[in-house]
Amino acid sequence: VDARLSSPTPAMLNVTVKWGKQKFPVELDTREPVPVFKAQLFALTGVPLERQKIMGVKGGFLKDDADWAAVGVKADQTLMLMGTAEKLPDPPPEPTKFVEDMPDVADAADLANPAGLRNLGNTCYLNSSVQVMRHIPELHKTLQTYKAPAGGEPGSQLVMATRDLISELDRSTSAREVLPMRFVQTFRTMFPRFAEQTEQGGYAQQDAEECWSQIVTNLSSRMRLATDGSASNLEGTMAAGETTLQDNLGDALFGIQMSSELKCEEATDEPAQNSTECMHRLSCHLKQGVAHLYNAIEGSLEEMIDKHSHTLGREARYKKTSRIARLPPYLPVQFVRFAWRADSQKRCKVLKEVSFPDMLDLRNLLDPDLTKRVNAYWRKLEEEAVAEAGGAPAAEGEAAAAAAMDVDGGAPASADAGANLPSIELPEAVTSRDNLTGRYELFAIVTHEGRTAEGGHYVAWVKQDDGQWIVFDDETVARVTADKIKKLHGGGDYHMAYMCFYRHSDNIEAEIRENARRSAGLPTKPKASEEAK
């Protein structure tokens with residue numbers, strides 16, 4: 001339980017803040033850190049947090065890490081704010097339209113768009129990452145079950161700040177952007193490198209992929225899932241998974257497992273070294289000749305490494321070949337667009353155009369064990385679909401046995417690990433169901449606009465159920481058509497994909513079933529609109 005809730009008397013103070021010739025009555029909560037108070041002043045005056053100088057306390061200026069009790073703020077005290085407000089934005093090219101003045105219903109419907117996030121000083125990288133996470137329902141639902149430990153260590157505070165921010169976004173619309181002050185402050189406290197400032201005094205631009213990875217890593221280490229009676233800090237339990245990536249939320253949703261072989265190119269008699277690696281994203285290096293995401297992924301699974309050879313007694317060239325051993329419900333893919341150049345001693349952006357598909361099929365990149373499981377699951381879906389449509393039924397127990405075959409081809413194991421789970425509160429994708437179709441659909445993109453790694457701008461694009469896309473450009477939220485997404489392949493100064501987010505969905509399994517019925521010459525399942533008739 002939050003310690004603040006058990007406080008016998010609320011530590012609220014009414015103070016007056018004088019800014020130039022203006023005075024503002026402000027309710028100060030001394031239980032919150034100083035930046036929260038500064039965020040209140042920003043909302044009133046428009047003075048950015050990094051420009052604010054607050055006087056009238058012990059010690060001179062009020063520091064961000066100050067203790068309210070130590071600086072001696074009292075009720076009805078007058079504080080002085082120094083700092084210039086941000087320049088007001090230019091007026092819109094078209095006059096603002098109000099709901100009561102809109103003759104077209106579609107215009108009024110735009111107010112139902114999801115809410116944007118206020119940019120608090122080069123926080124576009126953070127805003128775009130949060131908007132993608134918000135559209136992962138399993139993540140949102142599981143965050144609501146989180147039981148914070150006593151003590152309030154930074155990692156747990158970040159989990160709660162993530163939960164509260166996503167909940168506030170769900171309660172809001174694009175008519176009013178959300179101010180992510182607590183989340184940003186907690187994130188920067190947890191990861192100080194994201195609080196770096198420029199020589200001019202403002203916060204520096206950061207990398208959206210690094211931000212995403214830090215948040216997912218924090219979820220992995222703090223949100224433990226109970227397996228076989230083990231301890232958990234979530235409400236609900238889950239069955240043991242078929243891979244090791246099943247004991248926490250980050251791994252369950254995003255965990256990718258690779259089986260790798262390292263072979264010496266200069267000593268063919270040296271035994272190959274086999275290993276298993278785990279990660280939360282696929283990183284695609286944009287090598288020469290790569291023009292499509294699939295080829296970029298395929299090329300990234302092979303690399304040359306220099307390391308010491310015990311056989312030769314010296315440095316030697318090794319070839320590392322990897323194959324995918326576990327596919328998660330959600331698959332983040334990063335285009336490695338920022339590379340270090342030794343001549344300029346700077347990170348430079350790779351502007352190369354690389355296309356990405358709406359549907360990504362990775363079945364040819366799997367290791368033999370996962371290939372066997374995926375093929376068995378496809379046969380199970382196809383045989384069930386044909387039998388349901390009135391075709392020749394599968395031999396009794398044949399489909400189930402094929403689908404249940406484990407990676408060694410012997411003992412049975414659940415091909416759909418969620419099929420026999422007990423009734424629990426956690427979403428199905430969190431309860432350790434791997435993606436056994438090998439296919440994904442694109443649902444979100446984070447793009448970067450600009451030519452430098454230290455600057456530019458990040459934006460999130462998220463697909464809606466109706467097939468349209470919504471672009472989240474900090475506070476600005478707008479609907480765009482699918483054709484707009486085709487312009488994000490890169491090659492110029494416009495927004496280009498930096499991270500693509502794919503997901504497994506029931507639509508993919510439905511398509512496999514329908515194709516099986518069509519191949520068998522059987523009627524395909526009617527669409528929902530036809531069933532309604």
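1. A residue is called buried when its relative accessible area is under 20%, exposed when it is over 50%, and partly exposed in between (1.4 Å probe, protein chains only). At 15% relative accessibility, Lys320 therefore counts as buried. The structure is a predicted model, in which local features need pLDDT of at least 70 and side-chain atom pairs count only at pLDDT 80 or more, while totals for chains, interfaces and linings use all residues. Residues are numbered from 1 along each chain as its sequence is written, and side-chain values use heavy atoms, with hydrogens and water left out.

2. Helices (H or I, at least four residues) and strands (E, at least two) are DSSP runs numbered from the N terminus, and two strands pair if DSSP finds at least two bridges between them. An open sheet of 4 strands shows mixed pairing in the order 2-1-4-3. Its edge strands, each pairing on one side only, are strand 2 (22-29) and strand 3 (53-55). Strand 3 pairs with strand 4 in the antiparallel sense over 3 bridges, and Ile54 has Leu81 as its bridge partner in strand 4.

3. Leu79 lies in strand 4 (residues 78-82), and it counts as buried because its relative accessibility is 1%. In one of them, the side chains of Arg222 and Glu153 meet at 3.0 Å, N to O. This pair links distant parts of the chain, with Arg222 in helix 8 (residues 208-222) and Glu153 in the loop between helix 5 (137-143) and helix 6 (154-171), 69 residues apart. Glu153 is partly exposed, with a relative accessible area of 29%.

4. What does Lys320 meet in a salt bridge? Its partner is the side chain of Glu277, at 2.8 Å, N to O. Glu277 lies in strand 6 (residues 273-279) and Lys320 in strand 9 (residues 314-326), so the pair ties together parts that are 43 residues apart in sequence. Glu277, at 28% relative accessibility, counts as partly exposed.

5. The side chains of Glu388 and Arg513 also meet in a salt bridge, at 3.9 Å, N to O. Glu388 belongs to helix 11 (residues 368-388) and Arg513 to helix 14 (residues 506-519), and the two are 125 residues apart. Salt bridges that share partners join Lys380, Glu384, Glu388 and Arg513 into one network.

How values were computed:
A salt bridge is a side-chain nitrogen of Lys or Arg within 4 Å of a carboxyl oxygen of Asp or Glu.
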